[in-house]
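Open the model in your viewer and keep the sequence beside it. This tour goes stop by stop: what to select, then what is there.

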Amino acid sequence: MIDIGSNLTSESFNTDLPAVIHRAKQQGVSVIIATGTSAQSSIDAQQLAAQYPRYLYSTAGVHPHEADHYDHQAEQALVELLKGSGRAQIVAVGETGLDYNRKFSSQENQIRAFEAQIQLAKDVDLPLFLHERDAFNDFYGIIKEQFNSISSKAVVHCFTGSQEALKAYLDMGLYIGITGWISDKKRGKNLRDIIRYAPLDRLMIETDAPYLIPQQKGVKQLLQQHRRNEPCTLRFTAEKLAECLAIEPQTLIDATSRTSREFFNLDQVASEPCFEEKAS
Ligand SMILES: [Zn+2]
């Protein structure tokens, strides 16, 4: 089971990350991708990933909430990370995109940072890890114009949109990330109703920890802090998604793991340290 998005550099994991990773392993999580949300957190996520080879990977990008801080310096930090030693751990550019729900950064800066990071992903030939909330029209327009689905791949993480948005993303060749949102009694209803329209081989799963605790029986017992989600709850989202698709959980887990390995090129990345080991 692969958690394609977990905010492990969040300060809520500062004191007990080894225990968090241990619990994830115990619950069958085989790989976690730590999300970079700012220049600094991208550096932190990469350093973290380097400590857990073949178990943790990371992304490098500036979240739309942080887009007001996407300046030349931030971009240079990302470029250095992506073209330097971090390349062994970093498997995607992002998260980037648009969030008009809370507008922590101006709309104008969000668009600017988003377009710059799409270009960056093309330059370094990595997939995009995307975030879109209440910004479908602008987001779709930019992707459609800038994104060449033949040469690049992208996943819309934590998808919570409409059926129309789902269809539009799938038609463009994008992948869809599903979080614990799907088990939220009220907010997740629409997602539960529409997700069966997505082909199984375009879906991936994630916790978005420390956010979005799955609203299912048994989750609370796994969590050490009641208001913090952890990668160890991933199977609950796998089970809920499988239920919506009317398939066995194991079928869902096998398919999403295969898709995630291919999408993020994990086997190839993972094989690099083996080669070095042999060489030394
Ligand atoms: Zn996000």
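In which strand is Glu-95 found? Select Glu-95: strand β4 is the place. Strands here are DSSP runs of E with at least two residues, helices are runs of H or I with at least four, and both are numbered from the N terminus.

Before moving on, a word on the model. It is predicted, so local features need pLDDT of at least 70, side-chain atom pairs count only at pLDDT 80 or more, and totals for chains, interfaces and linings use all residues. Residues are numbered from 1 along each chain as its sequence is written, and side-chain values use heavy atoms, with hydrogens and water left out.

**Stop 1: the zinc ion**

Glu-95 (OE), His-131 (ND1) and His-157 (NE2) coordinate the zinc ion, at 2.0 to 2.2 Å. Donors are N, O and S atoms within 2.8 Å of the metal (3.2 Å for Na, K and Ca); water is not among the atoms, so sites may look incomplete. Along the sequence, the donor residues follow the spacing E-x35-H-x25-H. His-131 lies in strand β5 (residues 128-133) and His-157 in the loop between β6 (154-156) and α6 (163-171), so the pair ties together parts that are 26 residues apart in sequence. Both His-131 and His-157 are buried. Buried means under 20% relative accessible area, exposed over 50%, and partly exposed in between (1.4 Å probe, protein chains only).

The peptide bond from Gly-94 to Glu-95 is cis, with omega near 10°. Most residues other than glycine have a negative phi, and most peptide bonds are trans.

**Stop 2: strand β5**

Select Leu-130, which is in strand β5. Its relative accessible area is 0%, so Leu-130 counts as buried. What lies across from it? Val-156 is 26 residues away from Leu-130 in sequence, and 4.7 Å away in space, C-alpha to C-alpha. Setting aside neighbours within four places in sequence, Leu-130 has contacts that include Phe-114, Phe-139, Ile-143 and His-157. Contact means heavy atoms within 4.5 Å.

Step along to Asp-134, in the loop between β5 and α5 (136-146). Phi of Asp-134 is near 50°, a positive value in a residue other than glycine.

**Stop 3: the largest pocket**

The volume of the largest pocket is about 670 Å³. His-63, His-65, Arg-102, Asp-208 and Tyr-211 are the closest to its centre among the 25 residues that line it. On a 1 Å grid over the protein atoms alone, a cavity is a set of points where a 1.4 Å probe fits but cannot get out; a pocket is an open set with protein on both sides within 12 Å along at least five of seven lines, and lining residues have an atom within 4 Å of a point. Grid points are joined across faces, edges and corners, and a volume is the space filled by probe spheres set on the points.

Colour the strands next. β5 gives the most to the lining of the largest pocket, with three residues.

Select Asp-208, in the loop between β8 and α8. At 10% relative accessibility, Asp-208 counts as buried. Phi of Asp-208 is positive, near 55°, in a residue other than glycine. Pro-210 is in the loop between β8 (203-205) and α8 (219-222). The peptide bond from Ala-209 to Pro-210 is cis, with omega near 10°.

**Stop 4: the cores**

Select Tyr-169 and Ile-195. They have the most contacts inside the largest nonpolar core, which has 74 residues. Apart from it lies another core, of 14 residues, among them Ile-33, Tyr-57, Tyr-175 and Phe-263. A nonpolar core is a set of buried Ala, Val, Leu, Ile, Met, Phe, Trp, Tyr and Cys residues joined through side-chain atoms within 4.5 Å.

Move to Phe-263, in helix α10 (residues 249-263). Phe-263 is buried, with a relative accessible area of 2%. Residues that Phe-263 touches, beyond four places in sequence, include Pro-127, Tyr-175 and Met-204.

**Last stop: helix α4**

Select Gln-110, in helix α4 (residues 107-124). Is Gln-110 buried or exposed? Gln-110 is buried, with a relative accessible area of 1%. Among its contacts beyond four places in sequence are Pro-64, Gly-97, Tyr-100 and Ser-105.
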